[in-house]
Amino acid sequence: MPHISLNNLSISYGNHKVLHEVSVDIPDSQITVIIGPSGCGKTTLLKSLNRLLDLNDDVSVKGNVLIDGVNTYDPKADVLSLRKKLGFLSQRPYPLPMSIYDNIAFGPKVHRLTQEQIVQQIRDLEGRSFQVPERKNGAMDVLVESYLRLAGLWDEVKDRLRTPASRLSIGQQQRLALARALAVEPEAILADEPTSALDPLSAQLIEKQFKFLRNNYTIVVVTHILRQARRIADYVIFLYLGELVEHGPAESFFKSPKDERTRAYISGEIS
Amino acid sequence: MKVRRFKDSLATTFIRASLVFVNAIAFVIAITLFMKTRPILAKTTLSHLLSSTSWHPLRGDFGFFPFIIGTLEVTAIAMILSIPVCLLSAIYLSEYAHGRFRGFVRLVVDILAGIPSVIYGLCGVIAIVPLVRILGQALGSPTTGYSLLAGGIILAIMVSPVITSVALEVFRTIPRAARENSLALGITTWEMVKHVILRSSLHGIIAAIVLGFARAFGETMAVLMVVGNVPKVPLSLFDPAYPLPALIANNYGEMMSIPLYDSALMFAALILMVVVGGFSLGAHLILLKIERRGYV
């Protein structure tokens with residue numbers, strides 16, 4: 001069973017309908033890219049998965065989103081643990097108002113992980129046992145380092161872990177956000193145009209990191225950059241004016257699109 | 001073309017002139033107050049004026065200590081009562097409430113902020129003073145109700161709209177990404193508020209408190225009506241007090257035949273101005289320090 005699947009999902013803001021009856025299964029351990037012109041509901045679809053839509057007033061949601069078989073929109077659903085399963089990167093990164101170190105340690109600390117749980121988490125991540133340093137917070141130090149490495153940021157920040165995260169460049173902030181999201185052990189990463197505020201080199205680093213992570217995480221990326229979709233996608237979902245037009249494995253999607261609108265979008269006739 | 005250039009230079013001149021004018025007023029007031037206080041400073045020392053508790057204008061004895069203490073205590077009570085409530089309401093409106101409800105409350109808060117202080121004073125006399133009297137009796141300290149506590153409560157009510165609306169504005173300027181990034185970690189709204197929203201807006205919260213403080217410290221009419229106006233150091237919440245603004249408002253223009261009285265009241269005004277100015281400056285320095293640390 002797929003981790004994430006959508007059934008007849010319709011979403012509207014007030015009277016404005018944004019998504020019409022979208023049904024799709026998001027494949028595990030692959031990069032799924034949601035593409036489409038601006039304002040076609042890509043971000044709404046993404047944020048419906050972890051209920052960040054709740055931050056909006058007047059949203060109404062019909063249909064359901066199943067995460068590991070649990071309907072996210074069930075009134076009895078445990079939203080906090082559902083959100084914890086889905087890491088999230090926003091368009092512009094937001095470093096939490098604390099040090100680089102604390103940005104990573106924040107999630108595990110808020111979720112009150114014990115020393116043993118931290119050690120176990122690092123073991124699961126690294127796939128090997130290791131020596132916990134004797135000093136205070138030794139295990140947390142190792143955890144922070146592991147996730148900074150996983151996000152490809154360690155070498156750039158290892159000498160200034162205690163400086164405020166806001167001093168990092170915006171590209172580094174986005175990788176910090178990735179490390180922070182990974183540190184609460186999600187099963188999937190949702191990214192909302194994660195490179196749109198970044199310079200080309202930083203964008204490349206993020207893409208590289210996604211490709212590196214795809215074996216262990218389900219990754220869903222919203223983008224309006226077609227070339228980016230071609231570079232990273234394993235699976236593509238194409239939305240047009242709130243409607244799911246076509247979805248399928250990247251290769252067949254780009255080589256032999258079935259729908260007229262997909263063809264027009266890929267060839268650049270509509271954007 | 002010529003006309004347009006002329007208009008541009010005219011506009012620039014006017015803009016500069018207004019700026020100079022606005023800033024000059026502050027200096028003119030400060031200089032005037034200082035000049036006017038010189039007679040009393042020539043007669044007594046500054047430390048005596050600030051620390052003496054004896055207030056006998058007819059004997060030329062001007063001790064400002066009771067007034068200074070009264071002002072500080074009334075303001076402190078007001079801030080202690082209002083800051084937590086205002087911050088919590090602003091948090092509720094910003095993070096929990098529906099947009100329409102927020103809009104409605106904003107309107108109410110703006111109306112509250114615009115009510116003339118004499119009306120707050122009247123409400124204080126009608127409602128707060130009797131309440132404080134009953135409370136005092138219940139707690140075993142008989143009081144007329146015209147007291148430090150009544151003044152503090154009425155001031156707290158008056159500064160609440162200011163602190164609430166500034167704090168709310170500050171919370172709303174925090175980008176959506178802050179909420180999305182933190183909530184996505186699976187934390188509760190309260191954890192987000194505590195660790196992210198409040199920390200990110202430390203700057204603005206301090207600004208809100210400074211604005212509230214400045215308003216409370218200089219507020220005259222409403223406090224004067226409920227605080228009792230007895231020039232003695234208040235020993236309990238139920239004792240009457242006599243804050244500086246009330247002293248000036250009650251006496252200026254009436255007791256001018258007494259030598260040095262005029263100068264003494266000017267001295268009171270100078271203290272008010274210096275304290276409010278100093279507090280703003282202090283807050284500014286704290287902000288600079290926070291900024292240098294770089295978390296906000």
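Me: Why is Glu243(A) called partly exposed?
Reply: Glu243(A) has 36% relative accessibility. Buried means under 20% relative accessible area, exposed over 50%, and partly exposed in between (1.4 Å probe, protein chains only). So 36% lands in the in-between band, and Glu243(A) is partly exposed.

Me: Okay, and what am I looking at?
Reply: It's a predicted model, where local features need pLDDT of at least 70 and side-chain atom pairs count only at pLDDT 80 or more, while totals for chains, interfaces and linings use all residues. Residues are numbered from 1 along each chain as its sequence is written, chains are lettered from A and ligands numbered from 1 in the order written, and side-chain values use heavy atoms, leaving out hydrogens and water.

Me: What makes Arg261(A) and Glu243(A) a salt bridge?
Reply: The rule wants a side-chain nitrogen of Lys or Arg within 4 Å of a carboxyl oxygen of Asp or Glu. Here the closest N and O atoms are 3.8 Å apart, so the pair passes. Arg261(A) sits in helix H11 and Glu243(A) in strand E10 of chain A, so the bridge ties together parts 18 residues apart in sequence.

Me: Why is Asp155(A) called exposed?
Reply: Its relative accessible area is 58%, and that's over the 50% mark, so Asp155(A) counts as exposed. Its salt-bridge partner is Lys158(A), at 3.7 Å.

Terms used. Helices (H or I, at least four residues) and strands (E, at least two) are DSSP runs, numbered from the N terminus.
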